[in-house]
Every structure is written in structure tokens, then in C-alpha cells.
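The sequence and structure follow.

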Amino acid sequence: MLARLRTLTVTTALCVTSLLAAPHAFAEVEPGGWQSVSPGHTVQERGCGQADGLTFRLTCATASGDQRAERRYATYTGGTRQFEGYFRITSLSGTRISLKQTFNESAAGPYFMLAVERGGRLYAVHGGTTLSNAGTVGATVRVNTVHQVGAEHRTYINGSLKHTYASPGGSFYDKLGAYRTNSGTGPATVEWSGIRFWRK
């Protein structure tokens with residue numbers, strides 16, 4: 001009996017150790033073959049932008065200049081990358097605020113921008129396509145982007161595919177937070193959570 005208990009204890013310990021050592025590779029969308037990664041990031045605050053952890057604020061109604069509070073994640077080149085995060089807008093007196101970007105470093109400009117209008121419309125800044133009306137104040141929204149560099153960029157809102165966009169090759173990085181678009185204005189407060197990344 002004692003030997004059996006020792007065997008069970010060792011087996012249980014090995015199982016727990018294996019679970020702790022194994023990287024979480026099960027992405028929320030397009031499952032299969034993903035490897036979890038943890039890119040580094042820097043924080044950008046310009047104009048009236050303020051970042052406090054994963055809370056991002058634009059405190060002014062200025063309709064010009066660079067007004068932003070964002071995280072800029074490390075550059076990637078090639079392969080397929082998936083981002084996942086949850087945002088909740090806690091206040092939005094302004095409108096047309098970018099929440100998530102895939103930035104084309106090779107072209108020195110935004111490649112894909114997901115923004116919100118007052119009232120909750122989520123849209124692609126380039127082209128103006130409406131993705132969802134889920135971005136109302138107080139609602140939690142899950143965003144996944146799957147980027148096949150040199151092929152296609154796909155955006156999912158709450159698990160549903162909402163946007164596809166042809167992708168060039170080159171170097172890219174992810175950004176999130178609160179950023180005044182060219183036609184936008186604050187104030188706005190956005191809270192992000194559950195940020196994860198994968199590659200394959």
C-alpha cells in the first residue's frame with residue numbers, strides 16, 4: 001500500500017511538472033501548431049496620452065497633433081503571428097480612437113488599425129470597413145489578429161472573423177492602447193487585459 005501511494009505521488013508530481021513546463025500553445029482562433037511567445041514592449045506617451053499598466057488615457061479633446069498612450073511590442077519578420085487581447089472602454093467622450101494596430105515597420109506607417117467611434121462602432125481605419133458594433137462603453141471585447149506575413153492579415157472580434165486584408169512582406173509589430181486617428185479626438189479611457197501572442 002505504501003509503495004502504491006509513493007508511486008501515485010511521484011506520478012502526480014510528474015504530471016504537475018509537465019503541465020507547468022509546457023507552454024500554452026492553444027490559441028483562441030485558428031487552432032493548430034501555435035507556439036506561445038512573449039515579445040518585449042515599450043510604452044509611448046505623447047501629447048495628452050497617459051499609460052498606467054494596461055490602462056490608456058487621452059485626457060484632452062485636442063483634434064490635432066500626436067495624442068497617444070500605447071504599448072509597442074517587439075518587431076517580427078516572416079511566419080504567422082497571432083495576437084489576442086481583451087479591451088474595455090470605460091469612457092469615451094471623444095470618437096475615432098485607435099485601439100489596436102499592426103504597424104508596417106518596412107513602410108514606416110500603420111498597416112492595419114482597429115478604431116472605435118462614439119457609440120461603439122469598431123472599424124478598420126484604412127478603408128472604413130465596419131467590423132462590429134460591440135465597442136460600447138463598459139463592454140469587454142476580445143480581439144484576435146492572425147498575420148501571415150506576405151499573404152494575409154485577419155481580424156476576429158469575439159471569436160468571429162470580421163476582416164481580411166492582403167499583407168506585404170517585411171517587418172511588423174503590434175501596438176495597443178488609445179491613439180487619436182487623423183479624424184479623431186479624445187477624451188478616452190481604454191483598459192486592456194489578457195494579452196497573449198503566438199507564432200508558427
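Which residue in S12 is the bridge partner of Gln82? The bridge partner is Val146.

## Basis

This is a predicted model, in which local features need pLDDT of at least 70, side-chain atom pairs count only at pLDDT 80 or more, and totals for chains, interfaces and linings use all residues. Residues are numbered from 1 along each chain as its sequence is written, and side-chain values use heavy atoms, with hydrogens and water left out.

Strand S12 covers residues 140-148; strands are DSSP runs of E of at least two residues, numbered from the N terminus.

Two strands pair if DSSP finds at least two bridges between them. S12 runs antiparallel to strand S7 (residues 80-92), with nine bridges joining them. Six bridges join S12 to strand S13 (residues 152-157), also antiparallel; here Thr145 has Thr155 of S13 as its bridge partner. The hairpin of S12 and S13 has three residues between the strands, and Gly150 there takes a positive phi near 85°.

## Lys200

Lys200 lies in the segment after strand S16 (188-199).

Beyond its neighbours within four places in sequence, Lys200 is in contact (heavy atoms within 4.5 Å) with Glu30, Gly32, Gly33, Trp34, Gly79 and Thr80. A polar atom of the Lys200 side chain lies 3.1 Å from the backbone oxygen of Gly32.

Definitions and conventions
Helices (H or I, at least four residues) and strands (E, at least two) are DSSP runs, numbered from the N terminus. A polar contact is a pair of N or O atoms within 3.5 Å; within protein, one must be able to donate a hydrogen and the other to accept it, and residues adjacent in sequence count only if both atoms are side-chain atoms. Buried means under 20% relative accessible area, exposed over 50%, partly exposed in between (1.4 Å probe, protein chains only).
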